[in-house]
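Hello,

Here is the structure I said I would pass on. My notes follow it.

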Amino acid sequence: MPQNPGKLISIEGGEGAGKTTVMQAVRDCLAQTGKTVICTREPGGTDVGEEIRRVLLTPGRTLDAGTELLLMFASRAQLVNALIKPALARGDYIVTDRFTDASFAYQGGGRGVPREVLDELERWAAFGLKPDRTYLLDVAVDEGMRRVAGRGAGQDRMERESHD
């Protein structure tokens, strides 16, 4: 991809790691320096992406690993084309709750999708776009799930998965 005047920052981490809190802090710090900051999330971030998110996260729904993978990248392709690329070209900063690293962790490590498949989908659906900076929040799975339970909302399909 050509160099953009804007920057893409991803916040990565497991469930309950504090991604939303850190994303808001990063947004506030950048805004104080006069930057235009857009916050988004994956899956989601666009009308189409939010519909895909509902399909992916609805509890009780069974999805084949390949279907899950392609839906994640379909949401990402829509987000990159509709929101991220135009914002970066304008010089805006994008802060996203997850990006392609999440697919390497969840679909690669969690579902066993081969790295070369993920690499190709990243080139194709994310148009080779990689974050300028990624912050990885590391929290023990049990602690993260305790935090999720403390939110008072039910667990989504991914949060109900085996901790392994």
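**Notes on the structure**

Phe-127 sits in the loop that joins helix 5 to strand 4 (133-137). Please keep in mind that the model is predicted. The phi of Phe-127 is near 55°, a positive value in a residue other than glycine. At 29% relative accessibility, Phe-127 counts as partly exposed.

Arg-98 also has a positive phi, near 85°. It is located in the loop between strand 3 (93-97) and helix 4 (100-110). With a relative accessibility of 12%, Arg-98 counts as buried. For background, most residues other than glycine have a negative phi, and most peptide bonds are trans. The peptide bond from Glu-42 to Pro-43 is cis, with omega near -15°. Pro-43 belongs to the loop between strand 2 and helix 2.

Helix 2 (residues 47-57) has Gly-49, Ile-52, Arg-53, Leu-56 and Leu-57 buried. Viewed down the axis of helix 2, these buried residues fall within an arc of 120°, so they line one face of the helix. Strand 2 (37-41) and helix 3 are among what covers them. On the face turned away from the buried side are the exposed residues Asp-47 and Arg-54.

Helix 3 (residues 65-90) also packs against helix 5 (residues 115-125): their axes come within 9 Å and cross at roughly 25°. The two helices are therefore roughly parallel, and the crossing is right-handed. Leu-69, Leu-70, Phe-73, Arg-76 and Ala-77 of helix 3 meet Val-117, Leu-118, Leu-121, Glu-122 and Ala-125 of helix 5. Of the residues in this contact, eight are nonpolar, none polar and two charged.

Regards

Conventions. Residues are numbered from 1 along each chain as its sequence is written. This is a predicted model: local features need pLDDT of at least 70, side-chain atom pairs count only at pLDDT 80 or more; totals for chains, interfaces and linings use all residues. Side-chain values use heavy atoms; hydrogens and water are left out. Axes are lines fitted to C-alpha atoms, for helices over the stretch in contact, and angles run from 0 to 180 degrees between N-to-C directions. Helices (H or I, at least four residues) and strands (E, at least two) are DSSP runs, numbered from the N terminus. Angles under 35 degrees count as roughly parallel, over 145 as roughly antiparallel, 65 to 115 as roughly perpendicular and the rest as oblique. A crossing is left-handed if the near helix is turned anticlockwise from the far one by less than a right angle, and right-handed if clockwise. Contact means heavy atoms within 4.5 Å. Ala, Val, Leu, Ile, Met, Phe, Trp, Tyr, Cys and Pro count as nonpolar, Asp, Glu, Lys and Arg as charged, and the others, Gly among them, as polar. Buried means under 20% relative accessible area, exposed over 50%, partly exposed in between (1.4 Å probe, protein chains only). The arc is that of the directions from the helix axis to the C-beta atoms.
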